Amino acid sequence: MSSPSVAAPRPDLVRGIRRWDFVALIVNITIGAGILGLPAKIYALVGAYSLVAYGAAAALVTLIILCFAEVSSRFSGAGGPYLYAREAFGPLVGFEVGWLLWVSRLASFAALCNLFVDYAAYFWPSMGAGLGRGLLMAALIVTLTLLNLVGVRRASLANNVFTVSKVLLLILFTVVGLFFVDWQAFSFAVVPTYTGFSSAVLLLIFTFSGFDVAAIPAAEIQQPQRNVPFALFTAIATVAVLFLLVQVVCIGTLPDLASAERPLASATQQFLGPIGAAFVAAAAMLTALGTLNALMLTGPRLLFALAEQGQIPAFFGATHPRFRTPYVAILVSAVLKLALAISGTFIYALTLSTIIRLTYFALTCAALPVLRRRHPERPAPFRVWGGVAVAALCVGLCLWLLSNSAAHEARDVAIVAVAGLVLYFVSNRRQASPS
């Protein structure tokens with residue numbers, strides 16, 4: 001097994017993602033469409049203590065990020081959590097992490113594609129169903145695929161535009177909304193139950209995720225050992241403050257927040273009038289579009305990384321001779337995303353992402369002490385103080401959350417994992433067979 005120091009990228013990939021490009025990528029992935037509906041759900045659970053829940057969730061995610069930052073600083077190749085698990089625990093465990101992570105990215109993309117079309121139907125009703133819906137999905141996916149095929153630098157720049165736009169829209173919502181906040185609406189007299197508060201925190205932990213997949217294209221990031229940790233902390237701090245301000249505006253401007261189906265739309269209606277619904281519909285489309293582009297950029301790199309390590313057929317690792325992008329992985333992922341989005345059968349698969357995410361969170365955190373022990377002569381460029389204790393705490397948290405997973409969700413993840421194992425052993429048998 002190769003050491004992290006030699007986990008180098010392919011020479012035909014371009015390091016076109018700069019430090020602030022990468023910060024924008026993480027912010028873009030993390031600020032998903034969930035923020036458009038989450039304030040109501042959290043408020044229904046814990047009331048004004050939702051502000052405290054945001055802080056607690058951000059703190060817990062920061063602990064996990066500490067582990068990700070140290071582990072990721074040892075690597076410069078593509079793959080993110082897949083690469084970390086492969087180096088620490090062997091090819092089979094690494095493959096399963098990469099496989100499950102890729103499947104969860106397909107489902108997330110398909111869900112966001114449907115969300116984008118739903119909000120587009122606010123402006124163009126004919127796009128809400130039937131042929132119009134399918135054509136809009138196809139046009140959207142084809143456009144994003146072409147954008148990512150012609151070069152990572154162009155895709156990175158487009159990601160920057162999407163990120164700045166969605167952040168500015170949310171900032172506009174908070175800045176304008178803060179002038180209309182009724183501060184009497186913040187009551188902390190009723191302390192929430194343990195169950196309610198823990199449920200709110202756990203829900204928010206996954207809302208803050210996104211950092212976990214952002215390091216997948218590390219082979220195309222400039223100075224990844226230095227820029228990945230910097231970007232992780234900068235992005236999570238930005239997102240935490242923004243989410244907290246959105247919650248403040250929702251609590252202070254919407255009396256029936258707990259029962260609101262579209263809290264940002266309803267809150268905006270309170271202080272902007274009829275234009276509010278259109279504003280939020282446009283913001284939702286922009287938010288979904290930005291995240292879709294980020295997923296199109298990161299997800300196919302998992303297939304590329306699996307092929308690069310010889311764990312799936314080598315053609316998935318092919319790079320375009322002109323644009324120097326992993327075009328086969330991008331095209332295969334795009335076709336499957338379109339099929340999932342149009343079929344609508346992917347929705348339940350999104351519930352599996354929780355278990356999948358917890359699994360590779362735990363494995364990445366567990367990799368920290370393993371890599372320290374295995375390579376004492378090569379300290380990580382970024383080193384966490386008390387890293388072993390932090391890693392143990394994070395693994396314990398992930399295992400506790402996994403223990404609360406529903407049996408049927410765990411069963412379905414197991415089915416997907418077994419399907420990956422079949423592909424893994426078939427691919428390895430073909431490589432081992434004499435020509």
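Mentor: A residue counts as buried under 20% relative accessible area, as exposed over 50%, and as partly exposed in between, with a 1.4 Å probe and protein chains only. This is a predicted model, in which local features need pLDDT of at least 70, side-chain atom pairs count only at pLDDT 80 or more, and totals for chains, interfaces and linings use all residues. Residues are numbered from 1 along each chain as its sequence is written, and side-chain values use heavy atoms, with hydrogens and water left out.

Trainee: Why is Val-370 called buried?

Mentor: Val-370 has a relative accessible area of 12%, and it is therefore buried. Its place is in helix 14, residues 349-374, where a helix is a DSSP run of H or I with at least four residues, numbered from the N terminus. Val-370 and Ala-88 are 282 residues apart in sequence, yet their C-alpha atoms lie 6.2 Å apart in space.

Trainee: What makes Glu-409 count as buried, and what makes Thr-234 partly exposed?

Mentor: Glu-409 has 19% relative accessibility, so it counts as buried, whereas Thr-234, with a relative accessible area of 21%, is partly exposed. Thr-234 is found in helix 10, and its C-alpha is 6.8 Å from that of Val-23, which is 211 residues away in sequence.

Trainee: Why does Ser-259 count as exposed?

Mentor: Ser-259 has 57% relative accessibility, and it therefore counts as exposed. Ser-259 is found in the loop between helix 10 (224-253) and helix 11 (263-272), and it is 8.2 Å from Lys-41, C-alpha to C-alpha, although the two are 218 residues apart in sequence. In helix 11 itself, the buried residues are Pro-263, Leu-264, Ala-265, Ala-267, Thr-268 and Phe-271, and just after helix 11, Gly-273 takes a positive phi of about 75°.

Trainee: Why is the pair of Tyr-49 and Phe-188 called edge-to-face?

Mentor: Rings of Phe, Tyr and Trp (its six-membered ring) pair if their centres lie within 6.5 Å, and their planes count as stacked under 30 degrees apart, as edge-to-face over 60 and as tilted for the rest. The structure holds 13 aromatic pairs. For Tyr-49 and Phe-188 the centres are 5.2 Å apart and the planes at 85°, so the pair is edge-to-face. The pair links distant parts of the chain, with Tyr-49 in the loop between helix 2 (38-46) and helix 3 (50-72) and Phe-188 in the loop between helix 7 and helix 8 (194-207), 139 residues apart. Tyr-49 is buried, with a relative accessible area of 18%, while Phe-188, at 38% relative accessibility, counts as partly exposed.

Mentor: The rings of Tyr-360 and Phe-361 have centres 5.7 Å apart and planes at 85°, so that pair is edge-to-face as well, and both Tyr-360 and Phe-361 are buried. One aromatic cluster is formed by Phe-95, Trp-99, Trp-102, Tyr-424 and Phe-425.

Trainee: Which residues line the largest cavity, and how many of them are nonpolar, polar or charged?

Mentor: A cavity is a set of points on a 1 Å grid over the protein atoms alone where a 1.4 Å probe fits but cannot get out, and lining residues have an atom within 4 Å of a point. The lining of the largest cavity consists of Leu-36, Leu-169, Leu-170, Phe-173, Leu-264, Phe-279, Val-280 and Ala-283. Ala, Val, Leu, Ile, Met, Phe, Trp, Tyr, Cys and Pro count as nonpolar, and the lining has 8 nonpolar, no polar and no charged residues. Helix 7 (152-178) and helix 12 (275-308) each supply at least two residues of this lining.

Note on methods:
On a 1 Å grid over the protein atoms alone, a cavity is a set of points where a 1.4 Å probe fits but cannot get out, and a pocket is an open set with protein on both sides within 12 Å along at least five of seven lines; lining residues have an atom within 4 Å of a point.
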